[in-house]
Amino acid sequence: MASLQVSGMAVSGSTSSCCGQKSLVRASINGPKIRIGPVSLPRLSSKDFIEELSIRSGGYGIPITTQMEKGTGPMTSSSDPVVVAKLYAIMEAVADRIEMHKNIGEQRDNWNHLLLSSIHAMTLTAATMCGLAAASASGEPLAGLKVSSTILYLAATGVLAIMNKIQPSQLAEEQRNAARLFKQLHGQIQTLLSVGSPTVCDVNEATENVLALDKAYPLPLLGAMLERYPSSVEPAVWWPQQGRKQAKGLGKKIEGNGWNRELEDEMREIVGVLKRKDKADYLRLSEKALKAHKVLAFSGPLLTGLGALGSAFVGATNPWAVILGVAGGALASVVNAVEHGGQVGMIFEMYRSNAGFFKLMEESIESNINETNVWGRENGQVYEMKVALQLGRSLSDLRILAASSSLRNIEEDTEEEFGSKLF
């Protein structure tokens, strides 16, 4: 706080001149001396600022690699805003497809239950009417029961033929697989936006993946439905066939991008195990399920048709008409319960999808180890962990599996285990 002080008062001349002259008063203001220097502000880290933006955006923020961090020039964004906007547009389309496939999958699962219940009711009612018509007290079949039984059998035959053609349980399984794979693609795009620097190639790859999934699991029934009874079993394919682009920028801190000769040999052994055991086993199971599927799909309408034929001739001298009318309906109910209640079509699609999963793993591993430039591959340590998790194994367990496969190549009598522990 400033203070006012009188530093001195001088009177010039004698006392007689005091009245004639004015006093001279000198005053000075003394206060604290203020020194103005450079202002010190807290240092802000651009990296911390970017991480804060990512957290505030719900974890889906886009990291920005700046030239200032590298010390090469002014701060600029490394991600093209147009590319980022396109990826967000693809994410919105993928999220919409997830909901569509989920809703349609539930609808087609309801089809399976409702149609199966209706066919059971019609078949058993027709068989009962056929028996009652044959056992009428007057000795003559009741015309109303006879005609009604025949109509119900014919209706059940037609509905069952349509149901076997579209296979609602298989349709529902396709939609469940599509919803799961679209969710996986949605998460991959989110990861790319969160920890990567997306480019136009990433946009093209995401678009190709969406179109490949649309082709593998179509929504409409007419004209685009997958073949229900193929002549040969092939693994399901839901990814672009021209090659898969690998993750970028994850291995720059590791010498050799995490790859070495031992890891390459390990991955080759894993590919061999998946080809010999897992994929081959699921293709074999798919062929068995397809054969059973074809037999059951043919037997159901055949038995209801025979029931309709027998009920039409109830009352004739031939007793086999009654037996055919009643037993045909009973056997048809059993066959339909096994086929649609047991969801044989869904089992076939599940086996085919599992074989496709192992085929995708084979192609992914081979595309990595066949890349001559290790920096063009996905980081070796990260990729090894991903393969282990996809197979339901730990890293040590995965290496033991590769070693046992290598030992089997030397000793033919050694029993080889399956690569996957999940299914």
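Author: A residue is called buried when its relative accessible area is under 20%, and exposed when that area is over 50%. The model discussed here is predicted.

Reader: Is R393 buried or exposed?

Author: R393 is found in the loop between helix 10 and helix 11, the latter spanning 395-410. The cut-off for burial is under 20% relative accessible area. The relative accessibility of R393 is 5%, so this residue counts as buried.

Reader: Which side chain does R393 join in a polar contact of 3.2 Å?

Author: Leaving aside neighbours within four places in sequence, R393 is in contact with A388, L398, L401, E417, F418, G419 and K421. The polar contact of 3.2 Å links the side chain of R393 to that of D397.

Reader: How are helix 9 and helix 10 oriented, roughly parallel or roughly antiparallel?

Author: Helix 9 covers residues 344-369 and helix 10 covers residues 380-390; their axes come within 12 Å and cross at roughly 165°. Angles over 145 degrees count as roughly antiparallel. The crossing angle therefore makes helix 9, relative to helix 10, roughly antiparallel.

Reader: What is the make-up by class of the contact of helix 9 with helix 10?

Author: Helix 9 passes helix 10 in a left-handed crossing. From helix 9, the contact is made by F357, M361, S364, I365 and N368, and from helix 10 by Y383, V387 and Q390. By class, the residues of this contact between helix 9 and helix 10 are five nonpolar, three polar and no charged.

Reader: Which side chain joins that of H101 in a polar contact, and at what distance?

Author: H101 lies in helix 3, residues 81-134. At 1% relative accessibility, H101 counts as buried. Not counting residues up to four places away in sequence, H101 touches Q175, A178, A179, F182, Y217 and L219. The polar contact with the side chain of H101 is made by the side chain of Q175, at 2.5 Å.

Reader: Is A143 buried or exposed?

Author: A143 lies in helix 4, which covers residues 143-166. Exposure requires over 50% relative accessible area. A143 has 53% relative accessibility and therefore counts as exposed.

Reader: What separates the C-alpha atoms of A143 and A133?

Author: A143 and A133 are ten residues apart along the chain. In the predicted model, the separation of their C-alpha atoms is 7.7 Å.

Technical notes:
Residues numbered from 1 in each chain as written. Predicted model: local features only at pLDDT ≥ 70, side-chain atom pairs only at ≥ 80, totals over all residues. Heavy atoms only, no water. Axes fitted to C-alpha atoms, helices over the stretch in contact; angles between N-to-C directions. Helix = DSSP H or I, 4+ residues; strand = E, 2+ residues; numbered from the N terminus. Parallel < 35°, antiparallel > 145°, perpendicular 65-115°, else oblique. Left-handed = near helix turned anticlockwise from the far one by under 90°. Contact = heavy atoms within 4.5 Å. Nonpolar A, V, L, I, M, F, W, Y, C, P; charged D, E, K, R; others polar. Buried < 20%, exposed > 50% of the residue type's maximum accessible area, 1.4 Å probe, protein only. Polar contact = N/O pair within 3.5 Å; in protein donor to acceptor, adjacent residues only side chain to side chain.
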